Amino acid sequence: MTTMTAHEALYRALSEEMQRDARVMLMGEGVATLHRDLVEAFGAERVRNTPLSEAIVAGCAVGAAASGLRPVVDMLYAPFLTYAMDAIVNSAGKLRYMSGGQFAFPMVVLANTGAGWGVGAQHSHNLEAWFVHSPGLKVVMPSTPADFYGLLKSAIRDDNPVVFLNDMTLLHQPGDLTDEAEAGLVPIGRAAVRRPGSDVTLVSYAKTVHTCLVAAHTLAQQGIQAEVLDLRSLKPLDMGTVLASVRRTGRLVVVHEAGPLCSVGAEVAAQVAERVFDALKAPVRRLSSPDVPTPASHPLEQAFVPQAAQIVQTVQELLGVPAEAQLSTS
Amino acid sequence: MTPLEMLRQMLRARAYEARVAALQAQGPFPMTCSSQGQEASAVGVVAALRPEDRILTNHRSAAHLIARGADPARILAEVMGKATGYCQGKSGSLHISVAELGVVLTSTIVGGELSMAPGVALARKMGHEPGITVCFFGDGAACEGIFHESLNLATVWQLPILYVCENNQWQAFVRRQETMLTEHVSAWGAGYGLPCQTVDGNDVQTVRDAARHAVDTIRASGKPYLLETLTYRQRGHYSGDTEAHITAQERAPWLARDPIQRQISRLLGEGTLTEQVLSELQDAVHAEIDAAVRQAHSAPYPAPDALCTDVYA
C-alpha cells in the first residue's frame with residue numbers, strides 16, 4: 001500500500017498508462033508546463049500545451065482518437081467544457097453511431113468541478129448530468145484516491161469517450177492505493193458499497209459520499225444502519241447495485257452536490273420508483289444543492305452543498321423517528 | 001485525373017444531384033443540401049490527392065464523395081435511410097463518412113470538420129503515416145470561432161492540413177456580404193501565418209492546379225495551407241429552400257460560369273472532346289445513376305435492432 005492524494009493518484013495512473021501504451025497522449029492548457037516529469041519521460045509530442053481554445057482542443061482530441069491515438073485532454077474546469085460541447089457531444093458522442101460504427105473515440109476529458117474552493121459558478125458547476133444525458137459518452141466521478149487512479153486507467157483503456165470529473169475538494173485528500181498496478185484498475189460502471197447497512201440506502205458520488213459516511217456514523221449511534229453506495233460511474237449507471245440495496249433496506253436517500261432538476265439523483269429515484277416500488281417503505285428523498293449558481297462566499301458555499309446533518313434528519317424522518325428523539329448533529 | 005476524367009466526375013456528381021432533386025420534386029424524399037454548382041471545387045481538389053490522404057467534409061458533400069470514388073448507389077441508400085448505405089442508414093444525407101475511401105468524421109455542425117481536422121492530422125503525423133488531411137468547409141463555417149481556433153492550432157503545431165474553403169456566396173439564408181467585411185476568407189487565413197490562395201472555384205483545371213501546388217507545398221513543408229475556391233451554390237441551402245430570396249440578376253452570371261459547361265466548352269474547343277463522346281459520357285453517367293436509384297430503392301431498411309447498435313465501441 002502507498003498513501004497518496006487523489007491528484008497524485010491521477011498522475012500516477014496517467015504516467016503508467018503512457019508508459020504502457022505509446023498511443024496515450026496528454027493535451028491541455030499548461031500540462032507541459034506543470035508536468036515536466038511527463039514531458040521528460042514521454043516527450044513533447046505526447047505532452048502538449050495548448051492555446052486557451054477549449055473547442056479546438058476537444059475537437060483535436062476527437063479527431064486524434066478516431067485516427068489511432070488515445071488522447072487525454074485536461075480542460076481545467078467543468079464550466080469551460082461549455083466551449084467544447086460540440087466536439088464532446090456532437091462528435092465524440094454521436095459520430096460512431098451516425099457513421100454506422102466506422103469510428104471509435106478512445107479519449108478522456110478531464111475537468112475539475114465542485115464547490116469548496118470559493119471560486120464561484122464559472123469555475124465550479126456540476127455538469128455531470130449534461131454528459132450523462134448525451135448518448136455515446138461515459139461519465140465517471142470518483143471519491144477516493146484509489147478510484148481516481150483505477151478509474152482513470154480504465155477510462156484511458158476504454159474505446160469510448162469518457163468524461164472524467166474531479167471534485168476539486170477531493171484532489172488533495174490522501175488515501176491508500178495498492179502497489180499492484182493492474183489490481184488497482186476500477187471497472188467503469190460498477191458502484192462501490194462504502195458501508196453496509198440494513199435500514200436505509202444512501203446513494204451518492206464524489207464529495208458527498210464522505211458526507212454520507214459521516215451521517216451514517218451519526219445514525220449508527222442511534223441504532224440506524226445506513227448503507228452507503230458510491231456510484232463512481234454515472235454512465236453507465238450501476239442500477240443493479242442500487243436496486244439490490246433498496247430491496248433490502250426499503251428506503252432511499254440520494255445525495256449529490258449537483259442541482260436537483262434532471263439530475264443523476266432524479267434518474268436514480270425514478271428508476272427505483274419504476275423498478276422496486278413494492279420494496280419501498282417510505283418515499284424516496286433527494287438532497288442536492290438548490291437550483292442556483294455555485295456561490296463564492298464561504299458560508300453560502302457551505303449552505304449550497306448537502307451537509308451530514310440534513311442527511312441524518314432526512315433518514316430520521318423516513319424511519320419515523322419522533323422529532324424530540326432526533327439527534328442533534330449541528 | 002485527366003481533364004476529360006475530371007469532366008466525367010463532375011457529370012456524375014451533377015447527374016446524382018439532379019436525380020435527387022427530381023425525386024424530391026416527385027414526392028416524399030429525404031432532404032439534402034445539394035452540391036450542384038460546386039463540382040469543380042470538389043473534383044479539382046480530390047484530383048490532386050492520393051489514396052492515403054484523408055478528407056473531412058460536411059453536409060454539402062455529394063460531389064466530394066463521388067469524386068473520391070464513392071458508389072452513388074450507396075450514397076443514395078444512405079440518403080434514403082437504407083441498411084446498405086455507407087453509414088447503414090444512421091447518417092442520412094448530412095454526415096456521410098466513407099472510411100474505406102479516407103472520408104472520415106463528416107459533421108453537419110457547421111465548423112465540425114474544422115474542429116476535428118487537426119486531430120486527424122496530428123495522429124497521422126505522430127504515427128509517421130504518409131498523407132495529408134483535407135478539410136472542406138464553406139464561408140459560413142469561416143464565421144464560426146472554430147475556424148480561427150483550427151487554423152491557429154494547425155499553424156502552431158505545424159499540421160499537414162489542406163483547408164479548402166468553398167466560398168459559395170451564401171451562408172444558409174444569409175448573403176456572405178452581410179456577415180463578413182472581407183471579400184475573401186483567405187484574408188483571414190493569412191493572419192494566422194499559413195499560405196493562402198483564392199482561385200476561381202468554377203474552373204476545374206484551375207482548382208486542380210492550385211490544389212496540386214497546395215498539396216505539394218504541404219507535403220514538402222509539413223505545414224497547413226488554405227485554398228479558397230470561389231463558387232456558387234446553385235440550388236439553395238437545402239432541398240426545401242424556395243430560393244425566393246435569390247434574384248435572377250445574382251444567379252445569371254454564376255450560371256453563365258457553370259463549371260461543367262465551362263469544361264465542356266474548353267475540351268470541345270481544344271478538340272479533346274467531341275459532341276459524340278460527350279453524348280456517350282452523358283448517357284453512361286445517367287445510366288449509372290438510374291441503376292443506383294433502382295438499387296437504393298430495392299435495398300432493405302435497417303433491422304429494428306439496429307436502433308441500439310454502434311452507440312459504443
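Okay, one term before we start: two residues are in contact if their C-beta atoms, placed from the backbone, lie within 7 Å. What you see above is a predicted model, where local features need pLDDT of at least 70 and side-chain atom pairs count only at pLDDT 80 or more, while totals for chains, interfaces and linings use all residues. Residues are numbered from 1 along each chain as its sequence is written, and chains are lettered from A in the order in which they are written.

Which residues of helix 7 of chain B are buried? By buried I mean 20 or more other C-beta atoms within 10 Å of the residue's own, again placed from the backbone. They are B:Ile146, B:Phe147, B:His148, B:Glu149, B:Ser150, B:Leu151, B:Leu153 and B:Ala154. Within chain B, they pack against helix 5 (112-126), helix 6 (139-142), strand 3 (161-167) and helix 8 (185-190), and across in chain A they pack against helix 4 (54-66). Just after the helix, B:Gln158 takes a positive phi of about 55 degrees.

Now, that helix 4 of chain A. The contact between the chains takes 33 residues from chain A and 34 from chain B. On the chain A side, helix 4, helix 5 (85-92) and helix 6 (95-98) each supply at least two residues, and helix 4 gives the most, with 9. That side divides into 16 nonpolar, 13 polar and 4 charged residues (Ala, Val, Leu, Ile, Met, Phe, Trp, Tyr, Cys and Pro count as nonpolar, Asp, Glu, Lys and Arg as charged, the others, Gly among them, as polar).

On to the core, meaning buried Ala, Val, Leu, Ile, Met, Phe, Trp, Tyr and Cys residues joined through C-beta atoms within 7 Å. The largest one has 185 residues, and A:Ala58, A:Val109, A:Leu202 and B:Leu162 touch the most other members. Helix 4 of chain A turns up again, giving the most to this core, with 10 residues. Leaving aside neighbours within four places in sequence, A:Ala58 is in contact with A:Val73, A:Met75, A:Ala84, A:Ala87, A:Ile88 and A:Val109.

Definitions and conventions. A residue is buried if 20 or more other C-beta atoms lie within 10 Å of its own, exposed if 12 or fewer, and partly exposed in between; C-beta atoms are placed from the backbone. Helices (H or I, at least four residues) and strands (E, at least two) are DSSP runs, numbered from the N terminus.
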